[in-house]
Amino acid sequence: MSEAITIIKKEGGLAILEINRPSALNALNEELLKQLHQDLGSLEKDGQTRVLIITGQGKAFVAGADIAKMKDLGASEAEKFSAMGQGVFDAIQASSIVSIAAINGFALGGGLELALACDIRIGSEKAKLGLPEVSLGLIPGFGGTQRLARLIGYGLAAELVFSGDMIGASDAHRIGLLNRVVKEGEDLIGVCKQLAESILKKGPEAVRLAKKIILEGLETNLSKGQVLEQKAFGSVFAGKESKEGMGAFLEKRTPNFSKE
């Protein structure tokens, strides 16, 4: 019986998804992309998971797409493969579940694109990140040309994409590609779990709505984004969650959002 290509561990409102193809440095192929999409759908349906940590088994987060599988693709097949990868990563970004990429090693090509689709990226000190596709006569195809520039700006994104060079964790943090760097010897997943626990203590609907409005705001101008924020801000006052949160603050107690 073959080993599962993803492993999911649940701890209350937190789920940890490990990509489990260490012999292939967790390279992405159609099977793995379909499994990631299926896993996300299952977690969304369980009604419990609010934060998802994605990481890789072995020395890689995801070292890229499976080149051996890509080599013989024709143009139309490659376009479909791109659309498939983009669709999976779009679903991760659009999900109401907050996603944290725990980058334990190589995050290259499709691996970095997966990390970019997550809301937050935390990397080990030994992590290596990059989009090396041009070294193979290719370009990023799973959203890298679009998400990277939106995250770190055109100039820095252009340098990484055009050179295809890898950068270390400290440089990735310096340019805003990583939120945090965890020193070697420290527990990367433990740090991610601490952040997850902080998020899980907050109002579930407030976090969900904040994520939605941030993402929608990135696709429009400032004035229209602020209108989106106004409407969302007003909407939270119609629910019980805000009453519990503000009431707990005034009463100097910890809010109990679970009862809502």
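This is a predicted model: local features need pLDDT of at least 70, side-chain atom pairs count only at pLDDT 80 or more; totals for chains, interfaces and linings use all residues.
Reader: Which residues are the closest to the centre of the largest pocket?
Author: The largest pocket has a volume of about 640 Å³. Its lining is made up of 28 residues. Those closest to its centre are Gln93, Leu116, Cys118, Leu215 and Leu218.

Reader: How many charged residues does the lining of the largest pocket have?
Author: Sorted by class, this lining has 13 nonpolar and eight polar residues. The charged residues in the lining of the largest pocket number seven.

Reader: Which residues are the closest to the centre of the second largest pocket?
Author: The second largest pocket holds about 550 Å³ of space. It is lined by 23 residues. The closest to its centre are Ala65, Met70, Glu133, Leu138 and Ile139.

Reader: Which helix gives the largest share of the lining of the second largest pocket?
Author: Helix H2 (67-70), H3 and H4 each contribute at least two residues to this lining. The largest share amounts to three residues, and the helix that supplies it is H3.

Reader: How many nonpolar residues does the lining of the second largest pocket have?
Author: By class, six residues of this lining are polar and three are charged. The number of nonpolar residues is 14.

Technical notes
Residues are numbered from 1 along each chain as its sequence is written. Side-chain values use heavy atoms; hydrogens and water are left out. On a 1 Å grid over the protein atoms alone, a cavity is a set of points where a 1.4 Å probe fits but cannot get out, and a pocket is an open set with protein on both sides within 12 Å along at least five of seven lines; lining residues have an atom within 4 Å of a point. Grid points are joined across faces, edges and corners, and a volume is the space filled by probe spheres set on the points. Ala, Val, Leu, Ile, Met, Phe, Trp, Tyr, Cys and Pro count as nonpolar, Asp, Glu, Lys and Arg as charged, and the others, Gly among them, as polar. Helices (H or I, at least four residues) and strands (E, at least two) are DSSP runs, numbered from the N terminus.
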